[in-house]
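I opened this structure for the first time and kept notes as I went. The entries below follow the order in which I looked things up.

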Amino acid sequence: MMRENGMSDMAASFPARVFGATPPRKIAVFRALQLGDMLCAVPALRALRAAAPLADITLIGLPWATSFVKRFSKYINHLLVFPGYPGLPETPLHLPAVPNFLAEAHRQRFDFALQLHGSGTISNPLTMLFGAECSAGFHMPGEYCPDPLHFLPWDEREHEILRGVRLMEFLGAPAQGTHLEFPLADADYRALQRSHLSVPAPGSYACIHPGARLPSRRWPAQRFAEVADRLALQGMKVVLTGAPDEAELVQAVRQAMRMPALDLCGKTELGALAALIAQARLVIANDTGISHVAAAVGTPSVIISCGSDPGRWAPLDHARHHMLSVDLACRPCGHRICPTAHECAEEVSADAVAMTAAQLLELEMPRMTEERVAGSGVRA
């Protein structure tokens, strides 16, 4: 039964703090994003599961997230594949699938939908179409707010990890830490060994990852090569990584190098790649998903932020992970290709990255705590 304000009687029965003595039992989490974004949501998902241990939780996400749900099964039970929606760029819109998608969402009869897909300008009206009895998330001040009791104002400057945790605390789900996770199994390490017969020994190599989804987010290949050569001259083995469609970019780095390197671009699935990073001494990469994998498994990293917002995406552990960027008026950048001289990349020198890498290599930082190691599956 609907009340005049559009809320059902059941929705009205939820307190302002959703997670109280009787938390929701059937929950949808909308976050149809890529790997790095999903890893940054893990602390919020961890708080959600702790506050609703018996709930049946469905992620509404992209097709690739089948593997994410399997890996994070202690927090998520199911995946409902998101077919896209007008105005959301993460996946091409498959319009014929939208009616069936919404029908399935209604069939699930969610009693709570958590909108973790951004500021809410487009995602809030979409979330309301899921038919959940109660919804929560963020909204842009002055724009559509489905329910002031459960939706917080969006702060563009807030760190992505802390944003999700703050929302959960607002809803009555206490924080369970802000650290990231990437559970690894023996199968991931076996897959890594199958990828190449000469994978270097743990702790003896640095991973160089020159790719990023958008060209505007990529530091020059020549500079990655220069830093890789300096690491090799210091006695580190160099392993080049990347997705299959980044082979040309990785090859450009390899050809620009003077020292030898092992090219594993396109040869490792995600689990094997994470195992490779977990056993590395250092990671050097653009601000992309690999940055968050390194943070999750505790491997020190130097991250070059080209175009993205470092205040929102930098790893929270500033001792173990260093993000280098230049402050420019045009960032954060939404362009696929930089329309100017790519100053955000060009003004980060190879010297600066190499010096930061050398500083991290000099530090004897312990691996993650035993509890974190056990949770992530990392071999201490």
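The notes start with the ground rules, then take the sheets, the helices, the rings and the charged pairs.

**Entry 1: ground rules.** I am working with a predicted model, in which local features need pLDDT of at least 70, side-chain atom pairs count only at pLDDT 80 or more, and totals for chains, interfaces and linings use all residues. Residues are numbered from 1 along each chain as its sequence is written, and side-chain values use heavy atoms, with hydrogens and water left out.

**Entry 2: one sheet.** I took helices (H or I, at least four residues) and strands (E, at least two) as DSSP runs, numbered from the N terminus. Two strands pair if DSSP finds at least two bridges between them. In general, strands of a sheet pair through backbone hydrogen bonds, either parallel or antiparallel. In which order do the strands S1 to S6 lie? I read S3-S2-S1-S4-S5-S6, an open sheet of 6 strands with parallel pairing. Its edges are strand S3 (78-81) and strand S6 (151-153), each of which pairs on one side only. From one strand to the next the twist averages 20°; axes here are lines fitted to C-alpha atoms, for helices over the stretch in contact, and angles run from 0 to 180 degrees between N-to-C directions.

Strand S5 (residues 135-139) pairs with S6 in the parallel sense over 3 bridges. Phe138 has Leu152 in S6 as its bridge partner.

**Entry 3: helices on that sheet.** For contact I used heavy atoms within 4.5 Å. Helix H3 (residues 42-51) lies across strand S1 (26-30), strand S2 (56-61) and strand S4 (112-115), and runs at about 175° to S1. Helix H7 (residues 160-170) also packs on the sheet, where it touches S4, S5 and S6. The direction of H7 makes about 130° with that of S6.

**Entry 4: another sheet.** I found an open sheet of 6 strands in the order S9-S8-S7-S10-S11-S12, with parallel pairing. Strand S9 (262-263) and strand S12 (321-324) are the edge strands, each pairing on one side only. Strand S8 (residues 237-240) runs parallel to S9, and 2 bridges join them. Leu240 has Asp263 in S9 as its bridge partner. Helix H9 (residues 221-233) lies across strand S7 (205-209), S8, strand S10 (282-286) and strand S11 (301-304), at about 175° to S10.

Entry 5: For burial I used relative accessible area: buried is under 20%, exposed is over 50%, and partly exposed is in between (1.4 Å probe, protein chains only). How many residues of helix H12 (residues 289-297) are buried? I counted 9 of its 9 residues, so H12 is noted as mostly covered. Among its buried residues are Ile290, His292 and Val297. Gly298 follows H12 and has a positive phi, near 85°.

**Entry 6: rings.** I counted rings of Phe, Tyr and Trp (its six-membered ring) as paired if their centres lie within 6.5 Å; planes under 30 degrees apart are stacked, over 60 edge-to-face and the rest tilted. The whole structure holds 9 aromatic pairs. Ring pairs link Phe30, Phe82, Phe101 and Phe130 into a cluster.

I also looked for charges over rings, which need NZ of Lys or CZ of Arg within 6 Å of the ring centre and within 35 degrees of the ring normal. Arg163 lies over the face of Trp154, 3.6 Å from the ring centre.

**Entry 7: salt bridges.** I required a side-chain nitrogen of Lys or Arg within 4 Å of a carboxyl oxygen of Asp or Glu. The count is 16 salt bridges.

Glu160 and Arg163 form one of them, with the closest N and O atoms 3.4 Å apart. Both residues lie in helix H7, 3 residues apart, about one turn of the helix. Glu160 and Arg163 are both buried. Salt bridges that share partners join Arg31, Glu156, Glu160, Arg163 and Arg312 into one network.

Arg312 and Glu156 meet in a salt bridge at 3.3 Å, N to O. This pair links distant parts of the chain: Arg312 is in helix H13 (residues 310-313) and Glu156 is in the loop between S6 and H7, 156 residues apart. Is Arg312 buried or exposed? Arg312 counts as buried because its relative accessibility is 15%, whereas Glu156, at 39%, is partly exposed.
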